[in-house]
Amino acid sequence: MVFNGNDKALAAQIGQRKAQAMTISPVGRDDYLDNESAVELTNHDINVMALRSLLLQASFNYERMQAGGWLYTLIPALRKIHNNPEDLSSSMKMHMEFINVHPFDVTFLSGLVLAMESSKEKISTIRAVKIALMGPLGGIGDALFWLTLLPICAGIGASLALQGSLFGPIIFLLMFNIVHFALRFGLAHYGYRAGTKAIFLLKTHTKNISHAASIVGMTVVGALVASYVHLSTPLIMTAGEAKVALQTDVLDKLMPNILPLGFTLLVYWLMKKNFSPVKLIGVMVVLGILGKLVGFL
């Protein structure tokens, strides 16, 4: 789901999602029997939820995706919120429905959902918010973690490792996981404290965050290609007594690192053609052998 530019459109979309959700809901009613607001969850409760979210994908399946891990994340807090066994049962049934969200920023959504559960919001409303935020959180998570944080940390760690330092992989793991856990636990508390107001904040900044993270990520990937993909040719072209080195006299003057760039784009194109990693390795080995035999590489 992509958020529109005004709150009325967002409310209309959430209303539509609520209606759709209730038609397929295994829960027989939309209101909890106990409508009194629950006790406020403590920082310890939120931290437990964030820690359990590490197992979000432990029971991943293609019917309900992350539903089992999602419910496992919320169970201790749900038991504290719902004293009525039937309410707890209804909540657990609803949270065992299909869900697929980014595993690193999922705690923002789980904190938000726990805030709504504590306020005893309608089941359809909680479900609609889950459905509405899965897409935006997935886009932000991919741009922030996979396209930005991971290449930066991996680049620094690989650079140290190539220099012979044993701290290369250690630095990579430390840098990545310090940011990862800081965001995982920070977003859990922010989502719970912000409550439903966070929906509109997320709607306002989703595109900007994703766009900025994508730019930084692509810049880092481009730098990694230039730094760590090494490909050159010793081929020398002759015309009479004139000799021209293809690499230094032509390609490097035309564009430095043009061969690594072309190689990377070739691999990307093959991946778009659904080539498996094993096939790609085979193609690269064949190209390397043939290039060496004909004197091109």
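Modeller: Leu235, Met237, Val244, Ile281, Val285, Val286, Ile289, Leu290, Leu293, Val294 and Phe296 make a nonpolar surface patch of about 990 Å². Patches consist of residues with over 30% relative accessible area and no salt bridge, with like charges joined within 9 Å and nonpolar side chains (Val, Leu, Ile, Met, Phe, Trp, Tyr) within 5 Å. Areas come from the Shrake-Rupley method with a 1.4 Å probe, and for residues only the protein chains shown count as cover. A salt bridge is a side-chain nitrogen of Lys or Arg within 4 Å of a carboxyl oxygen of Asp or Glu.

This is a predicted model, in which local features need pLDDT of at least 70 and side-chain atom pairs count only at pLDDT 80 or more, while totals for chains, interfaces and linings use all residues. Residues are numbered from 1 along each chain as its sequence is written, and side-chain values use heavy atoms, leaving out hydrogens and water.

Helix 11 (residues 277–293) gives the most to the patch, six residues; helices (H or I, at least four residues) and strands (E, at least two) are DSSP runs numbered from the N terminus. Val286 is in helix 11 and is partly exposed, at 45% relative accessible area. Buried means under 20%, exposed over 50% and partly exposed in between (1.4 Å probe, protein chains only).

Elsewhere, Lys130 sits in helix 6 (residues 123–162). Lys130 is buried without a salt bridge, and Glu97, the nearest side chain of opposite charge, is 5.4 Å away; Lys and Arg count as positive and Asp and Glu as negative, with His and the chain ends not counted.
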